[in-house]
Amino acid sequence: MAQTLPPNLPTKEQLANDNNLFISLATKALKWEEPAEPVRIVGPIYFVGTKGLGVFLFTTSEGHILMNTGMPSSGPMIVDSIRKLGFKPEDIKLMINGHAHIDHAGAFAFMKKLTGAQLAVMKDDVAAMESGDRDDFKYGNDLAYEGVKVDRVLRDEDTVKLGDVLLTAYHTPGHTRGATTWIANLVVDGKAYVVAFPDGAGFNPGYRVAKNPSYPGITDDYRNTHHALEMIKPDIWLAQHNEYYDLEGKRKRAETEGVNAWIDPEGYRRFIAGKKRAFEDQVDEELGAPKAASK
Ligand SMILES: [Zn+2]
């Protein structure tokens with residue numbers, strides 16, 4: 001008999017309870033391990049990630065900054081993308097991260113061996129980065145990767161600087177304890193741009209954000225993070241997951257519109273509002289609050 005039914009999709013509960021199922025499905029469905037074409041976004045900022053994962057290069061006269069590294073398998077793809085753009089991976093002097101999960105921090109150890117670059121990480125994610133995310137509050141040791149030594153410990157509003165690129169780190173915990181939102185203030189061809197890389201606002205299947213919380217204080221952490229992210233008014237925003245900010249749509253439009261295709265303050269506002277709404281719905285669900293009639 002011909003098989004016409006689609007494969008059974010796992011339930012929300014299965015995804016919440018089975019860490020390996022969650023990661024293998026996300027890896028495949030969201031194309032985390034498929035190579036992608038690199039592209040210049042604006043001024044010194046280039047996308048060098050995979051089809052699903054946002055990895056960014058900031059080029060300067062003093063060497064380069066790398067933000068995020070994707071999955072453990074992503075290292076060679078990032079290296080290829082940087083070379084394709086005409087830059088040398090060996091010129092990376094500094095590395096920074098959004099948060100310490102395997103899909104963004106998985107290849108820092110590889111990149112550090114290749115480049116010897118210094119790694120700067122928000123205080124509350126340092127232990128996770130150095131252990132390769134062992135003892136994660138949700139994943140235990142299920143999504144571990146090769147740990148990497150942190151050279152500089154960051155605190156809220158610390159800055160990193162290389163050449164004429166300055167980035168500010170905001171501590172936006174929730175998704176991990178040390179999740180970090182980065183802001184770059186650029187002037188390109190006489191025009192000023194605020195470029196944001198929001199992090200920390202999303203929760204994964206199985207996170208407990210209110211009742212029997214995944215870690216003590218997680219509810220307040222998320223709410224403070226939403227507030228901090230609402231205060232930011234970027235011209236351009238990029239993120240660890242490419243579908244969030246529509247990399248492919250903007251990349252296509254940029255072929256004719258140039259940098260204007262990346263300008264998207266309204267998309268950022270909607271993204272943060274959506275994360276906040278999803279979080280408060282989850283709080284209500286965990287606490288068993290009656291659903292409002294029109295939500
Ligand atoms: Zn994550």
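Buried means under 20% relative accessible area, exposed means over 50%, and partly exposed lies in between, with a 1.4 Å probe and protein chains only. I start there because T115, at a relative accessible area of 14%, is buried. Before I go on, this is a predicted model, where local features need pLDDT of at least 70, side-chain atom pairs count only at pLDDT 80 or more, and totals for chains, interfaces and linings use all residues. Residues are numbered from 1 along each chain as its sequence is written, and side-chain values use heavy atoms, with hydrogens and water left out.

Back to T115. This residue is found in helix α5, residues 108–115; helices (H or I, at least four residues) and strands (E, at least two) are DSSP runs, numbered from the N terminus. What does the side chain of T115 reach at 3.0 Å? The backbone nitrogen of A117. A polar atom of the T115 side chain also lies 2.7 Å from the backbone oxygen of M111. A polar contact here is a pair of N or O atoms within 3.5 Å; within protein, one must be able to donate a hydrogen and the other to accept it, and residues adjacent in sequence count only if both atoms are side-chain atoms. Leaving out residues up to four places away in sequence, T115 touches P89, E90 and I92, where contact means heavy atoms within 4.5 Å.

Next, the zinc ion. Its protein donors are H99 through NE2, H101 through ND1 and H175 through NE2, at 2.1 to 2.2 Å. Donors are N, O and S atoms within 2.8 Å of the metal (3.2 Å for Na, K and Ca), and water is not among the atoms, so sites may look incomplete. The spacing of the donor residues in sequence is H-x1-H-x73-H. H99 is buried at 4% relative accessibility, and H101 is buried too, with a relative accessible area of 5%.

Now the pockets. On a 1 Å grid over the protein atoms alone, a pocket is an open set of points where a 1.4 Å probe fits, with protein on both sides within 12 Å along at least five of seven lines; lining residues have an atom within 4 Å of a point. The largest pocket has a volume of about 590 Å³, a volume being the space filled by probe spheres set on the points. Its lining has 34 residues, and H175, F203, N204, H241 and Y244 lie nearest the centre. Two or more lining residues come from each of α2 (19–29), α4 (102–105), α8 (242–245) and α10 (265–287). Of these, α2 gives the most, with 5 residues.

The second largest pocket holds about 370 Å³ of space. Of the 15 residues lining this second pocket, K12, A16, G206, Q282 and E285 are the closest to its centre. α1 (12–17) and α10 are the elements that give two or more residues to that lining, and the largest share, 5 residues, comes from α1.

Last, two backbone angles. Most residues other than glycine have a negative phi. K31 has a positive phi, near 55°, and sits in the loop between α2 and β1 (39–42). Is K31 buried or partly exposed? With a relative accessible area of 38%, K31 is partly exposed. D189 also has a positive phi, near 50°, in the loop between β10 (180–188) and β11 (191–197). At 78% relative accessibility, D189 is exposed.
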